[in-house]
Amino acid sequence: QVGLVESGGGLVQPGGSLRLSCVMSGLTSEDDAIGWFRQAPGKGREGIACISRSDGATHYAGSVWGRFTISRDNAKNTVYLQMNKVTPDETGVYYCATDPFFGVQALCATHKWRDFASWGQGTQVTVST
């Protein structure tokens, strides 16, 4: 069974930086694409950044391009999200997720996030003064 555990959230000032971690367990080779998703208060989840565990290919939402970086350390079974120059509207719960049906780009872009096979419990990020 796949396990995903997020950490690293907290309170950060606008313009600041934060790094989130997602520790993975129980994955098979089919669970290649891993993604970070954000759920703002009262809204659905949106794909922020996704990465392939095998070749490191990435996909980003346009709103975070150039500010956020997703990376993976396969030896530690961990995927990271480095968030720079954050803005208040990026407040929300950040989740990592995977589903063997979706590739990297599709995992981030699809609206079918409710159908994903595996989700973590989320970590709260609050961008505020």
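What is the torsion about the S-S bond of Cys50 and Cys108, and which handedness does the disulfide have? The torsion is about 105°, so the disulfide is right-handed. The structure is a predicted model, in which local features need pLDDT of at least 70 and side-chain atom pairs count only at pLDDT 80 or more, while totals for chains, interfaces and linings use all residues. Residues are numbered from 1 along each chain as its sequence is written, and side-chain values use heavy atoms, with hydrogens and water left out.

With a disulfide taken as a pair of cysteine sulfur atoms within 2.5 Å, the model contains 2 disulfides. Helices (H or I, at least four residues) and strands (E, at least two) are DSSP runs, numbered from the N terminus. Residues are classed by relative accessible area as buried (under 20%), exposed (over 50%) or partly exposed (in between), with a 1.4 Å probe and protein chains only. Cys50 counts as buried because its relative accessibility is 0%, and Cys108 is likewise buried, at 7%.

The other disulfide joins Cys22 and Cys96, with a sulfur separation of 2.1 Å. This link is also right-handed, with 70° about the S-S bond. It too bridges distant parts of the chain: Cys22 lies in strand E3 (residues 18–25) and Cys96 in strand E9 (residues 92–98), 74 residues apart. Cys22 has a relative accessibility of 0% and therefore counts as buried; Cys96, at 0%, is buried as well. When the bonded cysteines are numbered in sequence order, the pairing reads 1-3, 2-4.

A nonpolar core is defined as a set of buried Ala, Val, Leu, Ile, Met, Phe, Trp, Tyr and Cys residues joined through side-chain atoms within 4.5 Å. The largest such core has 24 residues, of which Leu20, Trp36, Ile70, Leu81, Met83 and Val125 touch the most other members. Two or more residues are given to this core by each of E3, strand E4 (33–39), E5, strand E7 (68–73), strand E8 (78–83), E9 and strand E11 (123–127). The greatest contribution comes from E3, with 4 residues. A second, separate core comprises 10 residues, including Phe102, Leu107, Cys108 and Phe116. For individual residues, contact denotes heavy atoms within 4.5 Å. Setting aside residues up to four places away in sequence, the partners of Leu20 include Trp36, Leu81, Met83 and Val125, together with Ser7, Gly8 and Gly9.

Lys and Arg are counted as positive and Asp and Glu as negative, with His and the chain ends not counted, and a salt bridge requires a side-chain nitrogen of Lys or Arg within 4 Å of a carboxyl oxygen of Asp or Glu. Glu6, in strand E1 (residues 3–7), is buried but has no salt bridge, the nearest side chain of opposite charge being that of Arg45 at 7.3 Å. Polar contacts are pairs of N or O atoms within 3.5 Å; within protein, one atom must be able to donate a hydrogen and the other to accept it, and residues adjacent in sequence count only if both atoms are side-chain atoms. A polar atom of the Glu6 side chain lies 2.8 Å from the backbone nitrogen of Cys96, and the Glu6 side chain also reaches the backbone nitrogen of Gln121 at 3.0 Å. Beyond its neighbours within four places in sequence, Glu6 is in contact with residues including Cys22, Trp36, Tyr94 and Gly120.

Arg45, in strand E5, is likewise buried and lacks a salt bridge, its nearest side chain of opposite charge being Glu6 at 7.3 Å. The side chains of Arg45 and Gln39 are joined by a polar contact of 2.8 Å. Residues up to four places away in sequence aside, Arg45 touches Phe37, Arg38, Gln39, Tyr95, Trp113 and Trp119.

Most residues other than glycine have a negative phi. Asn77, in the loop between E7 and E8, has a positive phi near 50° and is partly exposed, with a relative accessible area of 37%. Lys85, which is not a glycine, has a positive phi of about 50°. Lys85 occurs in the loop between E8 and E9 and is exposed, with a relative accessible area of 59%.
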